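Q: Could we go through the charged pairs and a buried helix in this entry?

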Amino acid sequence: MSSTLIVGIDISSELNAASFIDEAGNRLVKKALFFPNDLDGAQQLIDFTVSIAQQFNISSIKFGMEATSHYAWHLHTFLASSPELAPFNPLFYVINPSIIKSFKGAYIHLPKTDSIDAAVIAECVRFGQVKPTPLPDLRYAALQRLTRMRYHIVRSLVREKNRALSLISFKFSTYPSECPFSNIFGKVSLAIIENFTPDDIASMPLDDLIDFIVKNGNNRLSDPTQIAKTLKAAANRAYRLHPDLAEANDLALSMTLENIRFLESQLKKLDGKFKRQLKAFNQTLTTIPGIGDVLAAGIIAEIGDIKRFNNEAALAKYAGLIWNKYQSGNFNAQDTSLVKCGDQYLRYYLVEAANCVRVHTVRFKEYYNKKYREVPKHQHKRALVLTARRLIPLIFAMLSKGQLYQERGVVSI
């Protein structure tokens, strides 16, 4: 009889299913164990697992579970801290759902049930193609909650701004293309949009419009007169809305701008936390020109302990910054796509970091420009992703060795 027990757990928000097999694939329990996803249920699983281990003279236990949102977190940490399981030297495998899905594809016409999914997870652990998952480091986990929250706020902010642009265009059709301000969502620009229609601007005396611009710009705008003239010209060319439609559009725009202001305040509140959070880590990423506390926090939170990765290629794969390879016979495809896997949050922060670093450093600026010129379409997006991939060896080395950044051939900033 095998001395290792493998427990595959299919996790959901309320009810989990567990399947029990040995290293040879023999089912030690005919039916899956169903238990609630709470403390009582977790203890029920522990008691049942220990009884099976004692019955079959088991010396070690492996637990496999799918990385299903946050639902695996509590069960993983609770099982790992169990004194009843400690004598069996338990190992835990929190497996990417894409791996489970691909593994299940090897079984023809397998139905979708919780008990079968639990058995598939157990088999996936048995075949040894996955590595044990260490207990999460609470420092990284706490930072990750904040950086991922920031990611979602930024995405919401982008959506709200896109919606606002369409509403602004509806109200003042020429404004998005002829806005005389550097930021259409700046204080003066929004004051114009919220207070005036194209008819108001077209009929307003020029001096009154200039005074309004100066007052809302706190006397910081270089040429208020030219701005006012540009606005009047744009207003004269703009379409006019029917008053009933204009009223509804103004209400929708006002609510959207309120959302934007709220999200920006939340973003500001979060960004103020990262400098203090980073003090818990011995990191040098902020010595790279262009990478501040926010980007460094996002990268560190997702990478975790750099020792998890054998090399920079493993880190790139984890971030999903690798490309599909297509080869058949003597044919090798040159135009291949980015793989659709990996940590989306880490990929986001790496690409954002690349966009900042390429502005502030010579070598990354040169690399970005080289890649930009290589293709006729999607130049910026392609060059930016490739620059992010180029940044990974530097980040891996700095986190591994704790070195400070130095620009090749120039004085370090």
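Q: Before that, what kind of model is it, and how are residues numbered?
A: This is a predicted model, in which local features need pLDDT of at least 70 and side-chain atom pairs count only at pLDDT 80 or more, while totals for chains, interfaces and linings use all residues. Residues are numbered from 1 along each chain as its sequence is written, and side-chain values use heavy atoms, with hydrogens and water left out.

Q: How many salt bridges does the structure hold?
A: There are 15 salt bridges, each being a side-chain nitrogen of Lys or Arg within 4 Å of a carboxyl oxygen of Asp or Glu.

Q: What is the N to O distance for D117 and K104?
A: The salt bridge between the D117 and K104 side chains has an N to O distance of 2.8 Å. This pair links distant parts of the chain, 13 residues apart: D117 belongs to helix 4 (residues 114–126) and K104 to helix 3 (residues 97–104). Helices here are DSSP runs of H or I with at least four residues, strands are E runs of at least two, and both are numbered from the N terminus.

Q: Is D117 buried or exposed?
A: D117 counts as buried because its relative accessibility is 9%; buried means under 20% relative accessible area, exposed over 50%, and partly exposed in between, with a 1.4 Å probe and protein chains only. K104 is also buried, at 16%.

Q: Which residue does D250 pair with?
A: D250 forms a salt bridge with K171, and their closest N and O atoms are 3.5 Å apart. Because D250 lies in helix 11 (residues 243–278) and K171 in helix 5, the pair ties together parts 79 residues apart in sequence. D250 is partly exposed at 31%, whereas K171 is buried at 9%.

Q: And what about R148 and D343?
A: The side chains of R148 and D343 meet in a salt bridge at 3.9 Å, N to O. R148 is in helix 5 (residues 138–171) and D343 in the loop between strand 7 (331–332) and helix 14 (344–360), 195 residues apart. R148 is partly exposed at 22%, while D343 is buried at 9%.

Q: Which residues are linked with R148 in a network of salt bridges?
A: E302 and D343 are linked with R148 in that network.

Q: Changing topic, which residues of helix 7 are buried?
A: In helix 7 (residues 187–195), the buried residues include V188, S189, L190, A191, I192 and I193.

Q: What covers the buried residues of helix 7?
A: The cover includes helix 5, helix 6 (175–178), helix 8 (198–203), helix 9 (206–216), helix 10 (224–237) and helix 11, where contact means heavy atoms within 4.5 Å.
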